[in-house]
Structures are given as C-alpha cells and as structure tokens.
Amino acid sequence: MITVHHLDNSRSQRVLWLLEELGVPYDIKHYRRDAQTMQAPPALREVHPLGKSPVITDGDLAVAESGAIVEYLVERHGGGKLLPAAGTPQRLRYTYWLHFAEGTAMSPLLMKLVFDKVASSPMPFFAKPIAKAISAKVLSSFVTPNIERQLDFMEAELGRSEWFAGDAFSAADIQMSFPLEAAAQRAGLNASRPKLTAFLKRIHARPAYKAALERGGPYSFAND
Ligand SMILES: N[C@@H](CCC(=O)N[C@@H](CS)C(=O)NCC(=O)O)C(=O)O
C-alpha cells in the first residue's frame with residue numbers, strides 16, 4: 001500500500017490528487033506545520049532526511065521530490081494513464097512541464113514569499129528601512145519581472161493547447177497546479193491571464209481534485 005506523508009497546505013496535495021486520478025488506493029499520514037515557523041515537524045525527517053513534503057512510501061521504498069514521485073507513480077502504478085506516448089511531441093512537452101514546475105516556476109515564487117515577509121519581520125528599528133529597501137529592490141529588479149515573464153509564457157503555451165502537454169490532460173498538469181495556485185494566491189495571477197485562470201477553474205472542478213481535497217484536509221490554495 002502507498003502511504004502519502006502529507007503536510008497540511010503543501011505540495012503533497014498534488015500527490016493525493018494524482019492518486020485519485022489514477023484510482024490507486026493509498027493511506028495518508030498527516031503532519032502539521034508549526035504555526036509560528038510554518039516548517040514541517042521533525043517527524044517527517046524520519047521518513048526522508050530532508051523532512052520536506054511530499055514523500056511517499058511504497059513498501060520499503062521511500063520516494064521524495066514531487067516530480068520524482070509523479071514519475072514513479074505514473075510509471076509504476078499508472079497503467080499508461082496521464083502519460084503521453086513515448087517519442088511523441090506531447091511526451092517532450094510533458095517532460096518539460098514536469099520539470100519546469102519545480103525547476104523554474106517555484107524559485108521566484110518562493111523568493112517572493114520570503115522577501116514579502118521581510119518588511120513585517122521583527123528586527124531592530126534601525127535595520128528596518130535598510131531591510132525594506134533591499135527586499136523592495138530584489139522584488140522589483142529580479143523577482144517580479146521573472147514571475148511576470150513566466151506567467152506570460154505559460155499563458156501563451158495554454159493558447160497552443162488546452163492542457164500543458166497537449167490536448168489530453170496529463171500528470172504534467174497536476175505538477176503545474178501548485179505554482180499556478182501559488183501565483184494566484186500571492187503573485188498577482190488573475191483574470192488578466194484568462195487561459196491560466198480558466199486552467200485553475202478546470203482543474204478545481206475535476207472530481208478527483210475534489211476527492212483529494214476531502215481526504216487531505218486544510219489546503220488554502222484551491223481558489224479560482
Ligand atoms: N522541490 C520539492 C520542494 C519540497 C518542499 O519545499 N516542500 C514544502 C511544502 S510545500 C515543505 O516541506 N515545507 C516545510 C519545511 O520546509 O519544513 C518538491 O517538490 O518536493
């Protein structure tokens with residue numbers, strides 16, 4: 001039996017959704033974030049040394065890193081579902097988006113989360129104007145332009161086909177859900193990018209997405 005080591009409000013929601021789409025049975029072991037630091041509890045380090053979510057265990061095997069988990073589940077348990085045929089242009093796009101989600105899209109979104117927090121973080125009063133000025137500069141010169149460029153690119157790609165890899169829904173769409181949900185929550189993704197907002201609406205309406213939400217518990221990113 002597959003166990004998803006699931007942290008509330010986290011990327012592991014994607015793994016629950018994938019398993020629901022594949023119709024593969026699974027158990028969930030729930031972990032709660034520290035209310036102050038938002039970090040995962042130390043117990044998650046007993047499953048994988050980095051203590052990040054998601055991690056799955058399948059018998060004696062532990063698999064970490066969302067993209068690797070998606071590949072493992074689709075290849076090992078998917079029976080050909082949600083995976084474009086090998087050697088096709090759709091398969092190459094699938095691989096691209098599977099890596100893009102964590103390899104490219106999440107970096108500036110994470111930086112935005114961190115630098116947005118600087119202004120409200122406790123620090124000596126004399127340091128505050130300096131810290132604020134540095135974070136504003138990083139946001140305006142690097143983070144925001146990168147997020148905007150990436151959102152424009154993703155919007156254009158969804159103008160080529162309904163889903164990221166082509167005309168068929170695939171596991172790459174599941175992997176791409178988290179950066180887009182995070183961008184909608186904290187980086188200005190809105191109706192000015194109609195293809196991306198329609199994508200979020202479409203995925204949130206899927207029965208498997210809703211079933212995963214019911215099983216997973218708190219997840220504040222499912223807004224469209
Ligand atoms: N690239 C990794 C990122 C893992 C990651 O940072 N997970 C976050 C949850 S969204 C986490 O565990 N945060 C809690 C912590 O860092 O303690 C993946 O996709 O698996």
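I began at the end of α7, where G217, just after the helix, takes a positive phi of about 90°. I kept in mind throughout that this is a predicted model.

I next asked which residues of α7 are buried. I found A208, Y209, A212 and G216 to be the buried ones, and, looking down the axis of α7, I saw that these residues fall within an arc of 105°, so they line one face of the helix. On the face turned away from that buried side I noted the exposed residues P207 and E214.

I then looked up what covers the buried residues of α7, and the cover includes two strands, β1 (2-7) and β2 (26-31), together with the helices α1, α5 (171-186) and α6 (194-204).

From that cover I took up α1 (residues 12-22), whose axis comes within 8 Å of the axis of α7 (residues 207-216) and crosses that axis at roughly 130°. That angle makes α1 oblique to α7, and I recorded the crossing of the two helices as right-handed.

Which residues meet where α1 and α7 are in contact? On the α1 side I listed Q13, L16, W17, E20 and E21, and on the α7 side A208, Y209, A211, A212, L213, R215 and G216.

Notes: Residues are numbered from 1 along each chain as its sequence is written. This is a predicted model: local features need pLDDT of at least 70, side-chain atom pairs count only at pLDDT 80 or more; totals for chains, interfaces and linings use all residues. Side-chain values use heavy atoms; hydrogens and water are left out. Axes are lines fitted to C-alpha atoms, for helices over the stretch in contact, and angles run from 0 to 180 degrees between N-to-C directions. Helices (H or I, at least four residues) and strands (E, at least two) are DSSP runs, numbered from the N terminus. Angles under 35 degrees count as roughly parallel, over 145 as roughly antiparallel, 65 to 115 as roughly perpendicular and the rest as oblique. A crossing is left-handed if the near helix is turned anticlockwise from the far one by less than a right angle, and right-handed if clockwise. Contact means heavy atoms within 4.5 Å. Buried means under 20% relative accessible area, exposed over 50%, partly exposed in between (1.4 Å probe, protein chains only). The arc is that of the directions from the helix axis to the C-beta atoms.
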